[in-house]
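Subject: Structure handover

Hello,

Here is the structure we talked about. Please open it alongside this note.

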Amino acid sequence: MWMLKRTAFTLLVGAIVFVAVFPFYYAIVTSLKSGTDLFRADLWPTTVSLANYRNVLTEGSFVRNLINSLFVSGAVVALSLLLGVTSAYALARIRFRGRSALLFTILSVSMFPQVALLAGLFELVRMFGLYNSLFALIFSYMIFTLPFTVWVLTTFVRDLPVEVEEAAILDGATPWIIITQVFLPLMWPALATTGLLAFIGAWNEFLFALTFTSNNAQRTVPVAIALLSGNSQFEIPWGNIMAASVIVTAPLVVLVLIFQRKIVSGLTAGGVKG
Amino acid sequence: MKLFHAFLALGVAAMLVGTPAQAVELSIVSGDTGDGIKVLREILDRYEKDSGNKVGIVVMPTSGTDQFGQYRLWLAAGNSDIDVYQTDVIWAPQLASQLVDLTAATKDVVGAHFPSIIQSQTVNGKLVALPIFTDAPALYYRKDLLDKYRAKVPATWKELADTAKLVMDGERAAGNRDIWGFVFQGNAYEGLTCNALEWVMSSGGGQVIEPDGSISINNPKAAAVLDMARGWVGTIAPPGVLAYQEEESRGVWQTGNAVFMRNWPYAYALGNGGGSPIKGKFDVAPLPAGTGEGARPIATLGGWNLAVSKYSKHQDAAIELVKFIASPAMQKYRTLKTSNLPTIQALYDDADIARQQPIVPRWKQIFLNAVPRPSAATRIKYNEASSQFWNAVHNTLSGDGTAANNLADLEAMLTKLKGRGW
Amino acid sequence: MIRMEPEKARAAHSSLTAQRVRSAWLFLGPMLLVLAAAAGWPLARTVYFSFTDASLADLDARQWVGFGNYFSVFSMPSGRVLYDGLLVDPVWWRAVWNTARFAVISVTCETILGMIVALVLNAKFPGRGIVRAAILIPWAIPTIVSAKMWQWMLNDQFGIINVVLLNLGLTSAKIAWTANADTAMAAILVVDIWKTTPFMALLILAALQMLPREIIEVARLDGANPWQIFWRVTLPLIRPAVMVAVIFRALDALRIFDLIYVLTPNNVHTKSMSVFARENLFEFDKFAYGSAASTLLFLILALLTIAYIRIGRISLDGGR
């Protein structure tokens, strides 16, 4: 009985891992093929060719796009954490009128369909002279990173013991000091979680990135992948696309591997308490 | 590159581009792919050297709808960062109000182009874009298989279906179970509008919306041919053809798994490329026609053009750039590199092109028969009209309603869309 | 502690409170400013456009048309009455139905599968860290990339899925997954569920790890079997967390755009509300109509969220 249970459990784990990882594995297999081999479905590569990777990295400005993505995602994380931490403190620890309404308003921003914001955002971006600059992306990505960040951090701060703050208040510390000296050190798990979520969101975004940039040097990787082209009109270069996909996904997989423990504990401590 | 230098002399002499007093930076947006972009870059390098101006390429997704939405938005916002747009042949009427009238500036060169193409880019008497290459589909067929079964190249859709079935059944019986008779573009998108227009018009069923704006699609001939096409799906064509765009059909074709394919010229060079299993085993012919009164082979006119944005800060330089890229010398260069069909009549008699890209002179007939989609008649409502048409066809092909019913519905919807006028 | 006179203490307290409220607004200011600019203003523009006849061909020539884009009635000279507008547009309602069906099925499957995965990961077994990282991979892959990967795997002729199914004898012919009206939605659902179940699992796992172990121990000692423990103890305790995860996912699912846009952009059987809006905004000459669709989509989401929060009695404001 015990053995049976054990085996069933292992099978279940195996199935879960298989389903989760297989498409990524298959992308790797495809990326190692070339020519007409592409159109043969094999479970493992018969011939290994790095030509697709060479194409992706040398043709066009893919490396530049990778750097852009890193910069945009990094800046989005920094900015939304900065704004998120101060707001979370204000929303969780200071009683003032309209607090619930405010929190709900912030949350409602994540109900905005992004397609609906495109035209208005575009006007705004041009008005500020941000068109075709990475700052336009950083600015527009706040729409989806800020509400979630503020919300998760608020619930996290709310659950921290009251005593830590009281002592500081009695010592006459200003709210800014309280945030930076008292709360920040306690918030690392939540910061890692929300930061990673914001990073992934910014790293993956496509629609705004396509609309607000107009040259290859300013584009981010999802757009670069969508724009990967083959040898002729209408030809879809599956090998190159899969190679680029593997390159783009790899950093995220590494980040997830590093932070997986933190992600769970960050959410445990805050976010999902309802 | 040597070749290129030879053209250079020609190009410069022909163009007489005076170096502008001040060098400007221009920006051209194009959704062309791979070689297309590379060749464009080479042409631009040449232009930069001659004019002293700088030109940057903004690359766009290859999907036409992605490009169109983006260009619409950019133009609506008065985006002055893009000077020149590479536009599809059907977009002219929809974007016309935001493009520069090229009539006066190009009156010295338009005579060399095919009048029908120039006509397609003329809206209310304004030439809004200058053509750089054209497109016309044809029927690709497997020479070796037709010979094996002693079949001739089909001239009608009926013959096509019969031959496809004959060869397919024979090959399947011989153990090639992946082979199909005919592949085309059946996905619900602009390409299906092209395919279906060819079926309907080649059977004498009119061109969906006539040049005078009247809606003609709801007729028995159109219904009959759509019912026939529905019969292909799952018999001679794979069920998946309903999700195929150009590249998916070429994938089936190029792995040797199709007897016939409807596609654009680009597939010719690729099919004959190194490592292609069907290299030397296929040829091309005009698309088949229907039978009965008014039936004749029809190919949908495709092709790409260059337009200058009204919001460009350097309109004169941009117009010169457009004229340079569309010039005979540069079109010849492009054709030799990519086998895109030139829009200059004289190039179809060019000896270099005939030698290096023998398909081009042969394509002249096919493309001269090409008919434009009803974009001129429907003007800014073309995309919606086209989407209603391809949805009606796609529904019919998927077995969702009969052709007669779907076309009757389509007529009602188009009438509503038309309102008081297109 | 220093002992203060009551009045002084109260005065000090209220000035402290005032100071804290001031700094609260100071802290919130930048965040609210960014949100108002990046989200509020564009939405206001969209709502405004939905009451005009704006066309992208010439935005400045717009005229106020009131609710015309939503609903309008024409009396024809013949006496016939025609209704027009989004509220009577069958294509729109089709998109609403597609989206609703997609959201319900995908969120339900994701919740159930996410729960199973979370329960598995909550158990102790060798290699748990690696498994946990592995299941997060789908979630880390950019949507556009995963859409392309699946498009490739679902390809009817060359796709690995058809080849495997055929070789295993599960199907007799290659299936055209994204072509067929019946399978296109299924294909989109599979990709979406594959991609977002890890996120769901993660949120549920986080909640599971907060459960006090003692409660479950007690239940076990009382002789409850694992099934009973799950239904009677675990589920009620993690319910609030699940409810919150569900609302986040539901909001995402109702706005679904990129997956459908990449896989089957024009298929009427899979067209979602966002895809419908984009099509009208930018592809058709119906900018105002598309704005109306966007506005309606936002309204639907807002109403659903409010209803869900009311019915589910979820506390969002943090006040206890």
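Helices (H or I, at least four residues) and strands (E, at least two) are DSSP runs, numbered from the N terminus. The model is predicted, so local features need pLDDT of at least 70, side-chain atom pairs count only at pLDDT 80 or more, and totals for chains, interfaces and linings use all residues. Residues are numbered from 1 along each chain as its sequence is written, while chains are lettered from A and ligands numbered from 1 in the order in which they are written.

**A residue to start from**

Ile117(B) sits in helix H5 (residues 115-120) of chain B. Ile117(B) is buried, because 25 other C-beta atoms lie within 10 Å. The scale is this: buried means 20 or more other C-beta atoms within 10 Å of the residue's own, exposed means 12 or fewer, and partly exposed is in between, with C-beta atoms placed from the backbone. Which residues does Ile117(B) touch, leaving out those up to four places away in sequence? They are Pro131(B), Thr134(B), Gly303(B) and Thr343(B). Contact here means C-beta atoms, placed from the backbone, within 7 Å. Asn272(B) is 155 residues from Ile117(B) along the chain, and their C-alpha atoms are separated by 29 Å.

**Strands of chain B**

Strand S6 (residues 130-135) of chain B is mostly covered, with six of its six residues buried. S6(B) runs antiparallel to strand S11 (residues 302-308) of chain B, and five bridges join them. In that pair, Phe133(B) stands opposite Trp304(B) of S11(B). Strands count as paired if DSSP finds at least two bridges between them.

Chain B also has an open sheet of four strands, in the order S8-S9-S7-S10, with mixed pairing. Strand S8 (180-183) and strand S10 (282-285) of chain B are at the edges; each has a single partner strand, so one side of each lacks a neighbour in the sheet. From one strand to the next, the twist averages 15°. Strand S7 (residues 138-142) of chain B pairs with S10(B) in the antiparallel sense, over four bridges. Arg142(B) is opposite Phe282(B) in S10(B).

Helix H7 (residues 157-173) of chain B lies across S8 and strand S9 (258-263) of chain B. H7(B) runs at about 140° to S8(B). For such angles, axes are lines fitted to C-alpha atoms, for helices over the stretch in contact, and values run from 0 to 180 degrees between N-to-C directions.

**Two domains in chain B**

Chain B is divided into domain 1 (2-128 + 302-368) and domain 2 (138-300 + 376-418). The bounds come from an automatic or database domain assignment. Taken over C-alpha atoms, the centres of domain 1 and domain 2 of chain B are 30 Å apart. Twelve residues of domain 1 of chain B are in contact with 15 residues of domain 2 of chain B. On the domain 1 side, helix H4 (92-95) and helix H15 (359-368) of chain B give two or more residues. H15(B) gives the most, with four residues. By class, this side has seven nonpolar, five polar and no charged residues. Nonpolar covers Ala, Val, Leu, Ile, Met, Phe, Trp, Tyr, Cys and Pro; charged covers Asp, Glu, Lys and Arg; the others, Gly among them, are polar.

**Between the chains**

Where chain B meets chain C, the contact takes 25 residues from chain B and 20 residues from chain C. Helix H3 (64-76), helix H10 (246-254) and helix H17 (382-397) of chain B each supply at least two residues of the chain B side. The largest share of that side, six residues, is from H3(B). Its classes are eleven nonpolar, ten polar and four charged residues.

Between chains C and A, 78 residues of chain C are in contact with 76 residues of chain A. Helix H1 (residues 6-49) of chain C gives the largest share of the chain C side, 18 residues. By class, that side has 58 nonpolar, twelve polar and eight charged residues.

**Chain A**

Chain A has twelve helices and zero strands. Buried residues make up 54% of its 274 residues. Among contacts in chain A with a separation of 6 or more, 77% join residues 24 or more positions apart.

Best wishes

Technical notes:
Two residues are in contact if their C-beta atoms, placed from the backbone, lie within 7 Å.
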